[in-house]
Amino acid sequence: MSKKMAVNLALQGGGAHGAFTWGTLDRLLEETDIEIEAITGTSAGAMNAAAFKHGWIRNGREGAREALADFWLSLAGLDGAMADAIIEWLQVLSPNPTFIARALEANPAVIAGDAISRTLSPYQLNPLNYHPLRRTVECLLDYDRVCATQGPKLFITATHVRSGKPRVFTGKDITPDAILASACLPTLYQAIEIYDPKTKQMEAYWDGGYMGNPALFPLFNSTKSPDIIIVHINPLEREDVPTTAQGILNRINEISFNSSLLRELRAINFVNRLIHEGKLEKDAMKVNHVHSVRDDDFMSQLGIATKVTLNRTLLIQLMEAGRTAMDNFLSDHRDDLGKRSSTDLRTLFS
(Lines give C-alpha, C1' and ligand atoms only; values in the text may rest on other atoms or scores of the structure.)
Protein backbone atom coordinates (compact mmCIF):
# COMPACT_ATOMS: atom_id res chain seq x y z
CA MET A 1 0.00 0.00 0.00
CA SER A 2 1.40 3.41 -1.01
CA LYS A 3 2.24 6.06 1.56
CA LYS A 4 -0.38 8.74 2.27
CA MET A 5 0.53 12.23 1.05
CA ALA A 6 -1.04 15.45 2.32
CA VAL A 7 -1.69 18.44 0.07
CA ASN A 8 -3.49 21.77 0.36
CA LEU A 9 -6.06 22.99 -2.15
CA ALA A 10 -6.61 26.57 -3.33
CA LEU A 11 -9.91 26.99 -5.19
CA GLN A 12 -10.60 30.06 -7.32
CA GLY A 13 -13.97 31.70 -7.65
CA GLY A 14 -15.79 32.31 -10.90
CA GLY A 15 -19.54 31.84 -10.54
CA ALA A 16 -21.02 28.93 -12.46
CA HIS A 17 -17.54 28.13 -13.79
CA GLY A 18 -16.94 26.64 -10.33
CA ALA A 19 -18.40 23.43 -11.79
CA PHE A 20 -14.94 22.98 -13.35
CA THR A 21 -13.53 22.77 -9.80
CA TRP A 22 -16.24 20.25 -8.90
CA GLY A 23 -14.82 18.01 -11.63
CA THR A 24 -11.22 18.42 -10.44
CA LEU A 25 -12.18 17.50 -6.88
CA ASP A 26 -14.29 14.57 -8.01
CA ARG A 27 -11.26 13.13 -9.82
CA LEU A 28 -8.81 13.89 -6.99
CA LEU A 29 -11.01 12.11 -4.47
CA GLU A 30 -10.43 8.87 -6.39
CA GLU A 31 -6.77 8.98 -5.29
CA THR A 32 -6.90 7.22 -1.92
CA ASP A 33 -3.25 7.94 -1.11
CA ILE A 34 -3.67 11.74 -1.36
CA GLU A 35 -5.09 13.41 1.74
CA ILE A 36 -6.39 16.98 1.86
CA GLU A 37 -4.96 18.91 4.82
CA ALA A 38 -6.61 22.26 4.13
CA ILE A 39 -8.70 24.09 1.54
CA THR A 40 -8.74 27.83 0.90
CA GLY A 41 -11.52 29.03 -1.34
CA THR A 42 -13.27 32.12 -2.63
CA SER A 43 -16.76 32.57 -4.09
CA ALA A 44 -17.59 29.36 -6.01
CA GLY A 45 -14.36 27.96 -4.55
CA ALA A 46 -15.77 28.61 -1.07
CA MET A 47 -18.95 26.73 -1.96
CA ASN A 48 -16.95 23.82 -3.33
CA ALA A 49 -14.83 23.79 -0.18
CA ALA A 50 -17.87 23.78 2.11
CA ALA A 51 -19.59 21.01 0.14
CA PHE A 52 -16.36 18.98 0.17
CA LYS A 53 -15.99 19.28 3.97
CA HIS A 54 -19.68 18.59 4.61
CA GLY A 55 -19.52 15.36 2.60
CA TRP A 56 -16.09 14.34 3.93
CA ILE A 57 -17.30 14.44 7.53
CA ARG A 58 -20.45 12.54 6.60
CA ASN A 59 -18.84 9.69 4.68
CA GLY A 60 -15.21 10.30 3.72
CA ARG A 61 -14.25 10.40 0.06
CA GLU A 62 -17.53 9.07 -1.29
CA GLY A 63 -19.43 11.47 0.93
CA ALA A 64 -17.43 14.40 -0.45
CA ARG A 65 -18.08 13.33 -4.05
CA GLU A 66 -21.80 12.93 -3.33
CA ALA A 67 -22.06 16.30 -1.58
CA LEU A 68 -20.33 18.13 -4.45
CA ALA A 69 -22.61 16.44 -6.99
CA ASP A 70 -25.71 17.20 -4.91
CA PHE A 71 -24.73 20.85 -4.62
CA TRP A 72 -24.07 21.50 -8.30
CA LEU A 73 -26.87 19.32 -9.66
CA SER A 74 -29.29 21.09 -7.35
CA LEU A 75 -28.19 24.43 -8.80
CA ALA A 76 -28.67 23.00 -12.30
CA GLY A 77 -32.11 21.62 -11.45
CA LEU A 78 -30.92 18.07 -12.07
CA ASP A 79 -31.68 16.54 -8.69
CA GLY A 80 -34.86 14.70 -9.62
CA ALA A 81 -35.50 11.03 -10.43
CA MET A 82 -34.58 11.55 -14.11
CA ALA A 83 -31.31 13.35 -13.35
CA ASP A 84 -28.98 10.54 -14.45
CA ALA A 85 -30.81 10.08 -17.74
CA ILE A 86 -30.78 13.83 -18.43
CA ILE A 87 -27.05 14.09 -17.64
CA GLU A 88 -26.26 11.19 -19.97
CA TRP A 89 -28.31 12.85 -22.71
CA LEU A 90 -26.53 16.17 -22.17
CA GLN A 91 -23.12 14.51 -22.36
CA VAL A 92 -23.96 12.97 -25.72
CA LEU A 93 -25.78 15.87 -27.37
CA SER A 94 -24.21 18.96 -25.79
CA PRO A 95 -23.17 21.67 -28.26
CA ASN A 96 -19.71 23.22 -28.29
CA PRO A 97 -19.14 25.44 -25.21
CA THR A 98 -18.28 28.36 -27.50
CA PHE A 99 -21.73 28.07 -29.07
CA ILE A 100 -23.37 28.08 -25.63
CA ALA A 101 -21.33 31.11 -24.55
CA ARG A 102 -22.18 33.09 -27.69
CA ALA A 103 -25.85 32.14 -27.46
CA LEU A 104 -26.01 33.39 -23.88
CA GLU A 105 -24.17 36.61 -24.75
CA ALA A 106 -26.70 37.25 -27.55
CA ASN A 107 -29.70 36.43 -25.34
CA PRO A 108 -31.81 39.62 -25.05
CA ALA A 109 -32.60 38.84 -21.40
CA VAL A 110 -28.88 38.55 -20.56
CA ILE A 111 -28.08 41.77 -22.45
CA ALA A 112 -30.92 43.62 -20.72
CA GLY A 113 -29.89 42.30 -17.31
CA ASP A 114 -26.31 43.40 -17.85
CA ALA A 115 -27.39 46.89 -18.92
CA ILE A 116 -29.73 47.27 -15.96
CA SER A 117 -27.03 46.14 -13.49
CA ARG A 118 -24.81 48.97 -14.75
CA THR A 119 -27.55 51.54 -14.15
CA LEU A 120 -29.36 50.40 -11.01
CA SER A 121 -27.82 48.90 -7.88
CA PRO A 122 -29.06 45.71 -6.15
CA TYR A 123 -30.47 47.96 -3.42
CA GLN A 124 -32.75 49.58 -6.03
CA LEU A 125 -33.55 46.44 -8.04
CA ASN A 126 -33.93 44.08 -5.09
CA PRO A 127 -35.01 46.09 -2.03
CA LEU A 128 -36.25 42.96 -0.22
CA ASN A 129 -32.73 41.48 -0.58
CA TYR A 130 -33.78 38.12 -2.00
CA HIS A 131 -30.70 35.96 -2.61
CA PRO A 132 -31.20 33.07 -5.08
CA LEU A 133 -28.35 31.02 -3.62
CA ARG A 134 -29.27 31.35 0.06
CA ARG A 135 -31.68 28.41 0.19
CA THR A 136 -29.16 26.07 -1.47
CA VAL A 137 -26.29 27.19 0.76
CA GLU A 138 -28.41 26.88 3.91
CA CYS A 139 -30.33 23.69 3.17
CA LEU A 140 -27.80 21.46 1.41
CA LEU A 141 -24.92 21.96 3.87
CA ASP A 142 -24.73 20.93 7.54
CA TYR A 143 -22.57 23.59 9.18
CA ASP A 144 -21.75 21.39 12.17
CA ARG A 145 -19.91 19.29 9.59
CA VAL A 146 -18.51 22.24 7.63
CA CYS A 147 -17.07 23.72 10.85
CA ALA A 148 -15.91 20.42 12.38
CA THR A 149 -12.38 20.26 13.74
CA GLN A 150 -11.88 16.90 11.99
CA GLY A 151 -11.09 16.66 8.31
CA PRO A 152 -9.58 19.39 6.12
CA LYS A 153 -9.22 22.89 7.55
CA LEU A 154 -11.28 25.46 5.66
CA PHE A 155 -10.40 29.09 4.92
CA ILE A 156 -13.06 31.24 3.23
CA THR A 157 -12.18 34.75 2.02
CA ALA A 158 -14.46 37.77 1.63
CA THR A 159 -13.63 41.44 1.03
CA HIS A 160 -14.37 43.89 3.84
CA VAL A 161 -16.16 46.75 2.05
CA ARG A 162 -15.24 49.52 4.49
CA SER A 163 -11.48 48.84 4.64
CA GLY A 164 -10.94 46.98 1.36
CA LYS A 165 -9.05 44.26 3.25
CA PRO A 166 -9.59 40.50 3.08
CA ARG A 167 -11.30 38.71 5.95
CA VAL A 168 -10.65 35.00 6.23
CA PHE A 169 -13.40 32.96 7.88
CA THR A 170 -12.42 29.66 9.44
CA GLY A 171 -13.74 27.20 12.05
CA LYS A 172 -17.02 28.22 13.65
CA ASP A 173 -17.01 31.52 11.76
CA ILE A 174 -17.93 29.70 8.53
CA THR A 175 -21.66 30.26 8.28
CA PRO A 176 -24.05 30.49 5.32
CA ASP A 177 -23.54 34.26 5.41
CA ALA A 178 -19.76 33.83 5.23
CA ILE A 179 -20.14 31.62 2.14
CA LEU A 180 -22.55 34.09 0.52
CA ALA A 181 -20.26 37.01 1.42
CA SER A 182 -17.36 35.30 -0.34
CA ALA A 183 -19.51 35.11 -3.49
CA CYS A 184 -21.18 38.52 -3.25
CA LEU A 185 -20.70 40.34 -6.55
CA PRO A 186 -21.72 43.92 -5.64
CA THR A 187 -23.40 44.61 -8.98
CA LEU A 188 -25.72 41.63 -8.46
CA TYR A 189 -26.26 41.31 -4.71
CA GLN A 190 -26.54 43.57 -1.70
CA ALA A 191 -23.50 43.37 0.56
CA ILE A 192 -23.65 40.58 3.14
CA GLU A 193 -23.51 41.91 6.70
CA ILE A 194 -21.73 39.83 9.35
CA TYR A 195 -20.82 40.65 12.93
CA ASP A 196 -17.11 41.33 13.46
CA PRO A 197 -15.89 40.65 17.01
CA LYS A 198 -12.92 42.98 16.46
CA THR A 199 -15.00 46.05 15.60
CA LYS A 200 -18.01 44.83 17.65
CA GLN A 201 -20.42 45.80 14.89
CA MET A 202 -22.03 44.48 11.74
CA GLU A 203 -19.69 44.80 8.77
CA ALA A 204 -20.46 44.60 5.04
CA TYR A 205 -18.65 42.18 2.75
CA TRP A 206 -18.28 41.67 -0.99
CA ASP A 207 -16.81 38.91 -3.13
CA GLY A 208 -13.47 37.68 -1.79
CA GLY A 209 -11.97 37.55 -5.28
CA TYR A 210 -11.10 41.23 -5.13
CA MET A 211 -8.50 40.61 -2.41
CA GLY A 212 -7.76 36.89 -2.60
CA ASN A 213 -8.80 34.55 -5.39
CA PRO A 214 -8.08 32.46 -3.47
CA ALA A 215 -6.08 33.73 -0.49
CA LEU A 216 -2.98 31.57 -0.07
CA PHE A 217 -1.51 33.15 3.07
CA PRO A 218 -3.76 31.19 5.49
CA LEU A 219 -1.95 28.04 4.36
CA PHE A 220 1.54 29.29 5.21
CA ASN A 221 1.45 28.95 9.00
CA SER A 222 -1.62 26.79 9.56
CA THR A 223 -0.58 23.67 7.64
CA LYS A 224 2.33 21.27 7.53
CA SER A 225 2.12 20.23 3.88
CA PRO A 226 4.32 22.29 1.53
CA ASP A 227 2.15 21.47 -1.49
CA ILE A 228 -0.53 23.87 -2.74
CA ILE A 229 -2.63 22.69 -5.67
CA ILE A 230 -4.35 25.71 -7.24
CA VAL A 231 -7.45 25.07 -9.31
CA HIS A 232 -7.70 27.96 -11.79
CA ILE A 233 -11.03 29.09 -13.18
CA ASN A 234 -10.06 32.44 -14.66
CA PRO A 235 -7.72 32.03 -17.64
CA LEU A 236 -4.28 33.46 -16.97
CA GLU A 237 -3.62 33.95 -20.67
CA ARG A 238 -5.68 34.65 -23.78
CA GLU A 239 -4.13 34.54 -27.24
CA ASP A 240 -6.40 37.12 -28.86
CA VAL A 241 -6.88 40.74 -27.84
CA PRO A 242 -10.62 41.27 -27.17
CA THR A 243 -12.30 43.80 -29.46
CA THR A 244 -15.98 43.62 -28.45
CA ALA A 245 -17.41 45.42 -25.43
CA GLN A 246 -18.31 42.12 -23.76
CA GLY A 247 -14.92 40.61 -24.55
CA ILE A 248 -13.08 43.61 -23.11
CA LEU A 249 -15.15 43.58 -19.91
CA ASN A 250 -14.64 39.84 -19.57
CA ARG A 251 -10.85 40.15 -19.86
CA ILE A 252 -10.82 43.02 -17.34
CA ASN A 253 -12.77 40.76 -14.99
CA GLU A 254 -10.28 37.90 -15.45
CA ILE A 255 -7.23 40.11 -14.94
CA SER A 256 -8.75 41.71 -11.83
CA PHE A 257 -9.62 38.40 -10.23
CA ASN A 258 -6.20 36.92 -11.00
CA SER A 259 -4.18 39.88 -9.72
CA SER A 260 -4.31 39.04 -6.01
CA LEU A 261 -3.32 35.44 -6.70
CA LEU A 262 -0.34 36.52 -8.82
CA ARG A 263 0.84 38.84 -6.03
CA GLU A 264 0.86 35.96 -3.56
CA LEU A 265 2.62 33.67 -5.99
CA ARG A 266 5.31 36.31 -6.46
CA ALA A 267 5.78 36.42 -2.67
CA ILE A 268 6.03 32.60 -2.51
CA ASN A 269 8.63 32.62 -5.26
CA PHE A 270 10.63 35.31 -3.41
CA VAL A 271 10.63 33.39 -0.11
CA ASN A 272 11.47 30.08 -1.79
CA ARG A 273 14.39 31.74 -3.57
CA LEU A 274 15.72 33.26 -0.32
CA ILE A 275 15.60 29.85 1.39
CA HIS A 276 17.21 28.12 -1.60
CA GLU A 277 20.04 30.70 -1.67
CA GLY A 278 20.63 30.33 2.07
CA LYS A 279 19.62 33.94 2.79
CA LEU A 280 16.75 32.81 5.00
CA GLU A 281 16.76 30.01 7.54
CA LYS A 282 14.59 27.09 6.50
CA ASP A 283 12.92 27.04 9.91
CA ALA A 284 12.01 30.73 9.63
CA MET A 285 9.46 30.19 6.86
CA LYS A 286 8.05 27.23 4.98
CA VAL A 287 9.02 26.33 1.43
CA ASN A 288 5.83 26.03 -0.63
CA HIS A 289 5.50 23.77 -3.66
CA VAL A 290 3.00 25.27 -6.08
CA HIS A 291 0.99 23.23 -8.59
CA SER A 292 -1.61 24.41 -11.09
CA VAL A 293 -4.65 22.59 -12.46
CA ARG A 294 -6.09 24.58 -15.34
CA ASP A 295 -7.47 24.41 -18.85
CA ASP A 296 -7.11 27.90 -20.30
CA ASP A 297 -8.07 26.69 -23.78
CA PHE A 298 -11.45 25.45 -22.57
CA MET A 299 -12.14 28.35 -20.19
CA SER A 300 -11.15 30.91 -22.83
CA GLN A 301 -14.17 29.83 -24.86
CA LEU A 302 -16.43 31.19 -22.11
CA GLY A 303 -17.22 34.64 -20.77
CA ILE A 304 -19.03 36.66 -18.12
CA ALA A 305 -22.48 35.53 -19.31
CA THR A 306 -21.66 31.88 -18.60
CA LYS A 307 -20.43 32.75 -15.10
CA VAL A 308 -23.79 34.13 -14.04
CA THR A 309 -26.06 31.70 -15.91
CA LEU A 310 -26.66 28.21 -14.51
CA ASN A 311 -26.89 26.50 -17.87
CA ARG A 312 -27.14 22.79 -17.06
CA THR A 313 -25.47 21.70 -20.30
CA LEU A 314 -22.44 23.88 -19.64
CA LEU A 315 -22.21 22.82 -15.97
CA ILE A 316 -21.82 19.19 -17.05
CA GLN A 317 -19.23 20.17 -19.66
CA LEU A 318 -17.30 22.15 -17.06
CA MET A 319 -17.38 19.23 -14.63
CA GLU A 320 -16.04 16.85 -17.27
CA ALA A 321 -13.35 19.35 -18.30
CA GLY A 322 -12.31 19.64 -14.64
CA ARG A 323 -12.01 15.87 -14.27
CA THR A 324 -9.84 15.73 -17.39
CA ALA A 325 -7.63 18.60 -16.20
CA MET A 326 -7.01 16.91 -12.83
CA ASP A 327 -6.39 13.58 -14.53
CA ASN A 328 -3.78 15.22 -16.77
CA PHE A 329 -2.16 16.92 -13.79
CA LEU A 330 -1.88 13.67 -11.85
CA SER A 331 -0.48 11.88 -14.89
CA ASP A 332 2.15 14.55 -15.50
CA HIS A 333 3.04 15.79 -12.03
CA ARG A 334 2.02 13.28 -9.38
CA ASP A 335 5.69 12.49 -8.66
CA ASP A 336 6.37 16.18 -8.00
CA LEU A 337 4.06 16.23 -4.96
CA GLY A 338 6.03 16.52 -1.75
CA LYS A 339 9.27 17.21 -3.64
CA ARG A 340 9.10 20.32 -5.81
CA SER A 341 6.83 22.82 -7.55
CA SER A 342 5.43 21.66 -10.87
CA THR A 343 4.60 25.26 -11.81
CA ASP A 344 7.35 27.62 -12.95
CA LEU A 345 6.31 30.64 -10.90
CA ARG A 346 8.59 33.09 -12.69
CA THR A 347 6.85 32.49 -16.01
CA LEU A 348 3.56 33.58 -14.46
CA PHE A 349 4.70 37.15 -13.80
CA SER A 350 7.72 37.77 -16.03
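Modeller: Happy to! Let me begin with burial: a residue is buried under 20% relative accessible area, exposed over 50%, and partly exposed in between, using a 1.4 Å probe and protein chains only. Cys-147 has 8% relative accessibility, so this residue counts as buried, whereas Cys-139 is exposed at 55%. The structure holds zero disulfides, a disulfide being a pair of cysteine sulfur atoms within 2.5 Å.

A word on where this comes from: this is a predicted model, in which local features need pLDDT of at least 70, side-chain atom pairs count only at pLDDT 80 or more, and totals for chains, interfaces and linings use all residues. Residues are numbered from 1 along each chain as its sequence is written, and side-chain values use heavy atoms, with hydrogens and water left out.

Now to strand S3, residues 153-160. Helices (H or I, at least four residues) and strands (E, at least two) are DSSP runs, numbered from the N terminus. Seven of the eight residues of S3 are buried, so the strand is largely enclosed by the rest of the structure. Two strands pair if DSSP finds at least two bridges between them. S3 pairs with strand S2 (residues 34-42) in the parallel sense over five bridges, and Lys-153 in S3 stands opposite Ala-38. With strand S4 (residues 166-169), S3 runs antiparallel, joined by four bridges; here Thr-157 faces Val-168 in S4. S3 and S4 make a hairpin with five residues between them, and Gly-164 in the turn has a positive phi of about 75°. Strand S6 (residues 201-207) is also antiparallel to S3, through three bridges, and Asp-207 in S6 is the bridge partner of Ala-158.

On to the aromatics. Rings of Phe, Tyr and Trp (its six-membered ring) pair if their centres lie within 6.5 Å; planes under 30 degrees apart count as stacked, over 60 as edge-to-face, and the rest as tilted. That rule gives four aromatic pairs. One of them is Phe-52 with Trp-56, stacked at 5.7 Å centre to centre with 10° between the planes. These two are four residues apart in helix H2 (residues 44-76), so about one helical turn separates them. Phe-52 is buried at 1% relative accessibility, and Trp-56 is buried at 16%. Tyr-210 and Phe-257 form a tilted pair, 5.1 Å centre to centre and 40° between the planes. Tyr-210 lies in the loop between S6 and helix H10 (218-222) and Phe-257 in helix H11 (residues 245-276), so the pair ties together parts 47 residues apart in sequence. Tyr-210 is partly exposed at 33%, while Phe-257 is buried at 9%.
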